[in-house]
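Okay, thanks for coming, everyone.

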Amino acid sequence: MARGTNRSLNELLASLFNHVMDMEARAVITEEYRDITNNDMHIIEAVGVEEPRNMSVIAHRLSVTVSTLTTNMNGLEKKGYIRRERSQEDKRVVYVTLTEKGRKAFYHHRDFHKKMIRAIVKDLSEEDMEILYRCLMNLSHFLEPEKEMDESGRGDSGEKQKR
């Protein structure tokens, strides 16, 4: 690939990243959600609307430590977005669920992402979408090689990954 094209791709990716982050913050943090940050919205997304998730799973999904996550969860709980509960079987385990307010924020955030994806793929053929998907997977693997772990928490090198 020509050097100019590589440079253009790099500039485009950097610009897109900044624009997506700015646009997401403006679109997602509306008057109704002015008491939380864009980062809080991503934590709410990681908690999800399915069954309760434990703190370790959420921290892993966000690539942060449990202690870092705990600090953020304190604020979200105080503001009424999440609820924490200790496991009955193992008191060391804390499960998190979204409150009704948290679920509403979750769907608000998800709607932004759905609109963004629709805008990206609206004129793409099935073949173009597959190519875009492969390109984004390549980028994802480059950015997050440590997430390629097996279920034992060991990466390709066999070393235990930090959580």
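Let's start with Glu77: at 32% relative accessibility, Glu77 counts as partly exposed, where buried means under 20% relative accessible area, exposed over 50%, and partly exposed in between, with a 1.4 Å probe and protein chains only. Before I go on, this is a predicted model, so local features need pLDDT of at least 70 and side-chain atom pairs count only at pLDDT 80 or more, while totals for chains, interfaces and linings use all residues. Residues are numbered from 1 along each chain as its sequence is written, and side-chain values use heavy atoms, with hydrogens and water left out.

Back to Glu77, then. What does the side chain of Glu77 meet in a salt bridge? That's Arg84, at 2.7 Å from N to O. Arg84 is partly exposed as well, with 21% relative accessibility. By salt bridge I mean a side-chain nitrogen of Lys or Arg within 4 Å of a carboxyl oxygen of Asp or Glu, and by that rule the count comes to 6.

Lys104 and Glu32 form a salt bridge, 2.8 Å from N to O. Lys104 sits in helix 5 (residues 100–121) and Glu32 in the loop between helix 1 and helix 2, 72 residues apart. Helices here are DSSP runs of H or I, at least four residues, numbered from the N terminus. Lys104 is partly exposed at 47%, and so is Glu32 at 44%.

Then there's Asp35 with Lys101, where the closest N and O atoms are 3.6 Å apart. Again it's the loop between helix 1 and helix 2, for Asp35, linked to helix 5, for Lys101, and the two are 66 residues apart. Asp35 has a relative accessible area of 30%, and Lys101 has 36%.

Now, how do helix 2 and helix 3 pack? Helix 2 (residues 38–47) and helix 3 (residues 55–62) pack at an angle of about 125 degrees, with their axes 9 Å apart. The axes are lines fitted to C-alpha atoms over the stretch in contact, and angles run from 0 to 180 degrees between N-to-C directions. The two helices are therefore oblique to each other, because angles under 35 degrees count as roughly parallel, over 145 as roughly antiparallel, 65 to 115 as roughly perpendicular and the rest as oblique.

Last stop: Leu9, which lies in helix 1 (residues 3–28) and is partly exposed at 39%. Thanks, happy to chat!
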